[in-house]
Amino acid sequence: MIRRLKYHEIDFVKYAQCLENSEQRKYSATKDFLDTTSTMPWEILVYKDYEAVMPVPFVRKYGLKIVHNPKLCQQLGVFSSKDDVDLNETFLEYLEKNYMIRAYPFNDVNQLRTKIRIKKNFLLYPEVYEKVYSKYSPKRKRKLRLDEAVLKESEIKTIPYEKAKAFIEANTIGLNKDHDLFEFMRIFESFYKSGYLKFTAFYYQHKIVNVIATYSDGNMVALLGNFNDKDYVKLSGASVLIDHLIKENIETHIFDFEGGELPNIEEFFRGFRPELRPYGIIENSKKNLFKKLGYLVIRGKSFL
């Protein structure tokens, strides 16, 4: 019932139709998104005549094909007209039997009986902005009430990729500058050029002190990056920018915060009073991968 198709074998018209008509639709499973974020041609698992699909991106390590979700790709999983726990379990069983998996995320609609690790994400659903704002935490509302002196010397602008790139490279903490940052910027540039990504900046005294990157697709706006000049954190520019984009989009679009695992990030996002939407993820250590390698060899499976 389930077939494994390599990239060149995929009928992308049927794939797109399945995604668009699915209960679980996620922008991160679209061809454009995966073509940009994945460093290799990805595959899909397909049920019958594209009645359900499961995108499977991978990397090559140690000369092997290893399933791993690409950078900035939070959720994948099974996409079907109606979420079906039995069908999801069938896909999961096929995936685990036929692939070496380092990390593979399902989506927040997929129901599973199998117990896997759960991660947090937060969404705001379309509603009149005033109602959304009224639910913000008291602390978040205080952060948004800028001093008169700050208001006079600050403004919000949409900025081009090159300006955003310079700010992000100067203010990114915790990434390997020679690889991770390069990959993030490659993805950002591609999305920006294709019209999916927008950079919005908070200026103070004519200087950029905060930048956020948002990805728009269909009825979804997703926060793909939040970058701050640490010397101006007390100005609350990040809160102001996110509130600005919520105000611009929330009546017609879902606002996806794209994360919330780290305690300080979760606390920050919860201030906007979004809905918690957890999703499952399969993860394996390198040790477990090598155990799986032996299993696949015994079964004569191809993992190259």
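Modeller: Asp11 caps the N-terminal end of helix H1, with a side-chain oxygen 3.1 Å from the backbone nitrogen of Val13. This is a predicted model, where local features need pLDDT of at least 70 and side-chain atom pairs count only at pLDDT 80 or more, while totals for chains, interfaces and linings use all residues. Residues are numbered from 1 along each chain as its sequence is written, and side-chain values use heavy atoms, leaving out hydrogens and water.

Biologist: Which residues are buried in H1?
Modeller: In H1, residues 12-20, these are Tyr15, Cys18 and Leu19, where buried means under 20% relative accessible area with a 1.4 Å probe, protein chains only. Seen down the axis of H1, they fall within an arc of 100 degrees, so they line one face of the helix; the arc is taken from the directions from the helix axis to the C-beta atoms.

Biologist: And what do they pack against?
Modeller: The buried residues of H1 pack against helix H2 (31-37), S2, S3 and strand S6 (79-80), with contact meaning heavy atoms within 4.5 Å. Helices (H or I, at least four residues) and strands (E, at least two) are DSSP runs, numbered from the N terminus.

Biologist: Switching to S2, which way do its residues point?
Modeller: Glu43, Leu45 and Tyr47 point one way and Ile44 and Val46 the other, and all are buried.

Biologist: How many bridges join S2 to S3?
Modeller: Five, and the two strands run antiparallel; strands pair if DSSP finds at least two bridges between them. Tyr47 stands opposite Ala52 in S3.

Definitions and conventions: Buried < 20%, exposed > 50% of the residue type's maximum accessible area, 1.4 Å probe, protein only. Polar contact = N/O pair within 3.5 Å; in protein donor to acceptor, adjacent residues only side chain to side chain.
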